[in-house]
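Reader: Please show me the structure, and let us then go through it by question and answer.

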Amino acid sequence: SSDLTARAAAQLQMCMTLSHVANKSVEEVARAGGSGSLRWMQLYFFYDRSFVVRLVRRAEAAGCKALVVTVDCPVMGKRRTFLIDALPPHLRLPNVFGETTQRPEDVRGHVQMDASLTWNDVDWLRSLTKLPVVVKGILTAEDAREAVKRGVSGVWVSNHGGRQLDGVPATIDIL
């Protein structure tokens, strides 16, 4: 559970990156980790940019120290069970439910995630906040250079665990 992870990360003085599809809200995780814990908030771009704005404001208010925008997953891979199908009924997605419609395909991202991302979207996110923005999902040196040129605070080399896009290289090969 995300609150237990936050507590452990705080005790070990490690950074925790909270997924926006975590089973605990960003506020609950902040309370669990305590005021001295280092938390980052991960998010995707959605067609409904007001959802992104609200999530950013919640992350700021909860004391997150950076935003991690995932760009390596423009569409979700087709897996037999995913999120809603595999989520036990007692768990919830508090950073998503109440913010988007509750149709399973929306929560999975098939409808709401914006696959048309450009660097202008990263610029837009940076303009919303004073928090550092880390771009997660960089797979080429060209994109890493562009990220730095655009003023992001960090580049996170990732292929989303190889679970979403067939044929992407291993992160160790990228490095």
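Reader: Which residues of α1 and α2 meet each other?
Author: This is a predicted model. On the side of α2, the residues in the contact are Val29, Ala32 and Gly33. Their partners in α1 are Ser2, Asp3, Ala6, Arg7 and Ala10.

Reader: At what angle do the axes of α1 and α2 cross?
Author: Helix α1 covers residues 2-11, and helix α2 covers residues 26-33. The crossing of α1 and α2 is right-handed. Their axes come within 8 Å, and the crossing angle is roughly 35°.

Reader: Are α3 and α5 oblique or roughly parallel to each other?
Author: Helix α3 (residues 49-61) and helix α5 (residues 119-128) have axes 11 Å apart and pack at an angle of about 40°. Angles under 35 degrees would count as roughly parallel. The relation of α3 to α5 is therefore oblique.

Reader: Is the crossing of α3 and α5 left-handed or right-handed, and which residues of α5 take part in the contact?
Author: The crossing of α3 and α5 is right-handed. From α3, the contact includes Arg49, Val52, Val53, Val56, Arg57 and Glu60. These meet four named partners in α5, namely Asp121, Trp124, Leu125 and Leu128.

Reader: How many charged residues are in the contact of α3 with α5?
Author: The contact of α3 with α5 has 6 nonpolar residues and no polar ones. The number of charged residues there is 4.

Reader: How many disulfides does a search of the whole structure find?
Author: A disulfide is a covalent bond between the sulfur atoms of two cysteines. Cys15 is in no disulfide, and the nearest cysteine sulfur to its own belongs to Cys64. The sulfur of Cys64 is 9.3 Å from that of Cys15, which is too far for a bond, as the cut-off is 2.5 Å. The search of the whole structure gives 0.

Reader: Is Cys64 buried or exposed?
Author: Cys15 has a relative accessible area of 34% and is partly exposed. For Cys64 the relative accessibility is 4%, and a residue under 20% counts as buried. Cys64 is therefore buried.

Reader: What is the value of phi for Gln13?
Author: Gln13 lies in the loop between α1 and β1, and at 75% relative accessible area Gln13 is exposed. Most residues other than glycine have a negative phi. In Gln13, however, phi is positive, near 55°.

Reader: How far apart are the C-alpha atoms of Thr17 and Gln42?
Author: Thr17 has its place in strand β1 and is partly exposed, with a relative accessible area of 30%. Leaving aside neighbours within four places in sequence, Thr17 is in contact with Trp40, Gln42, Val68 and Trp156. Thr17 and Gln42 are 25 residues apart along the chain, while their C-alpha atoms are separated by 6.3 Å.

Reader: Which residues is Arg126 in contact with, leaving aside its neighbours within four places in sequence?
Author: Arg126 is found in helix α5 and counts as partly exposed at 33% relative accessibility. The contacts of Arg126 are Val133, Arg150, Gly151 and Val152.

How values were computed
Residues numbered from 1 in each chain as written. Predicted model: local features only at pLDDT ≥ 70, side-chain atom pairs only at ≥ 80, totals over all residues. Heavy atoms only, no water. Axes fitted to C-alpha atoms, helices over the stretch in contact; angles between N-to-C directions. Helix = DSSP H or I, 4+ residues; strand = E, 2+ residues; numbered from the N terminus. Parallel < 35°, antiparallel > 145°, perpendicular 65-115°, else oblique. Left-handed = near helix turned anticlockwise from the far one by under 90°. Contact = heavy atoms within 4.5 Å. Nonpolar A, V, L, I, M, F, W, Y, C, P; charged D, E, K, R; others polar. Buried < 20%, exposed > 50% of the residue type's maximum accessible area, 1.4 Å probe, protein only.
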